[in-house]
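Q: I would like to learn how to read charged side chains in a model, beginning with their pairing. Could we go through them one at a time?

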Amino acid sequence: TWTHLGLRDAQQIPAIVVDPKNPDRLFVAALGHPYGPNEERGIYRSTDGGKTFEKVLSKDENTGGNDVDIDPSNPEIVYATMWEERQGPWENSVWAGTNGGVFKSVDGGTTWKPLTTGLPVVVQANLAISPANPKRLYAAVAGYDKPGASSDRGAVGLYRSDDAGETCAPITTDPRPAGRIGGGDLPMPIAHPKDPDIVIMASTVSWKSTDGGKTWTSFKGAPGGED
């Protein structure tokens, strides 16, 4: 049996994360309406098991929350990604902006700061924390060298941080694990639970690195998206 807890007008909820030390505390990434603006989008926090929600990170009616992650070593540290994006009423049409980004909170989600050092101007980002070393972050990022908006999401790159997001840097010259360069599906990083140098980028092809993202091998999937 299930109980409806709210956030119905968010329409798209890409991520829910629960504090491993307090199951009544959780965060929800609300992406919002795919075809138009709405207020119920951003990052929400609940401290009573989802009975009530508080919006703790928001930008505007066009920018929604896509990802939210709690540091496994310190639940007061929370990361989130925000996307500004609109789907068109016909296939493969998209409008993307640079009002989102990657954000970090060190006070349990009450205040947030953007993480920008070493990253492009972010349109989309997917983030993963290494459980083996929570200061190690992996990210797939689509963006531009300078601010702007476009009908696509910009170039896709893979980035790593070894200092809990304070600085980031590209990790490979191999374009394959970044997925569809210029837009399309954004890969999802999956960090190994025991080895911080092992990471998987899941997309139409799943790619695996055992040296912190420098070199990659494919082990599952089809480049055309059949799998």
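Q: Is Asp-174 buried or exposed, and which residue forms a salt bridge with Asp-174?

A: Side chains of opposite charge can pair when their charged atoms come close. In this model, which is predicted, Asp-174 counts as buried because its relative accessibility is 18% and the cut-off for buried is under 20%. Asp-174 forms a salt bridge with Arg-176, the closest N and O atoms being 2.8 Å apart, and Arg-176 is partly exposed, with a relative accessible area of 43%.

Q: How many salt bridges does the structure hold, and which parts of the chain does the pair of Glu-166 and Lys-113 link?

A: There are eight salt bridges in the structure. One of them joins the side chains of Glu-166 and Lys-113, with N to O at 2.9 Å. This pair links distant parts of the chain, 53 residues apart, since Glu-166 sits in the loop between β11 (155-161) and β12 (169-170), whereas Lys-113 belongs to strand β8 (residues 113-114). Both partners are partly exposed, Glu-166 with a relative accessible area of 34% and Lys-113 with one of 38%.

Q: Which residues are linked with Arg-136 in a network of salt bridges, and where in the chain are Asp-197 and Arg-136?

A: The network of salt bridges links Arg-136, Arg-160, Asp-162 and Asp-197. Within it, Asp-197 forms a salt bridge with Arg-136, their closest N and O atoms being 3.1 Å apart. Asp-197 is in the loop between β13 (188-191) and β14 (199-202), and Arg-136 is in the loop between β9 (121-129) and β10 (137-144), so that the pair links distant parts of the chain, 61 residues apart. Asp-197 is partly exposed, with a relative accessible area of 29%, whereas Arg-136 counts as buried at 9% relative accessibility.

Q: Why does Arg-41 have no salt bridge, and which backbone oxygen atoms does its side chain reach?

A: A salt bridge needs a side-chain nitrogen within 4 Å of a carboxyl oxygen, and because the nearest side chain of opposite charge, that of Asp-60, is 6.4 Å away, the buried Arg-41 has none. Arg-41 is placed in the loop between β2 (26-30) and β3 (42-46). Its side chain reaches the backbone oxygen of His-33 at 3.1 Å, and a polar atom of the Arg-41 side chain lies 2.9 Å from the backbone oxygen of Glu-61. Leaving aside residues up to four places away in sequence, Arg-41 touches a set of residues including Leu-31, Lys-55, Ser-58, Asp-60 and Thr-63.

Methods
Residues numbered from 1 in each chain as written. Predicted model: local features only at pLDDT ≥ 70, side-chain atom pairs only at ≥ 80, totals over all residues. Heavy atoms only, no water. Helix = DSSP H or I, 4+ residues; strand = E, 2+ residues; numbered from the N terminus. Buried < 20%, exposed > 50% of the residue type's maximum accessible area, 1.4 Å probe, protein only. Lys, Arg positive; Asp, Glu negative; His and termini not counted. Polar contact = N/O pair within 3.5 Å; in protein donor to acceptor, adjacent residues only side chain to side chain. Contact = heavy atoms within 4.5 Å.
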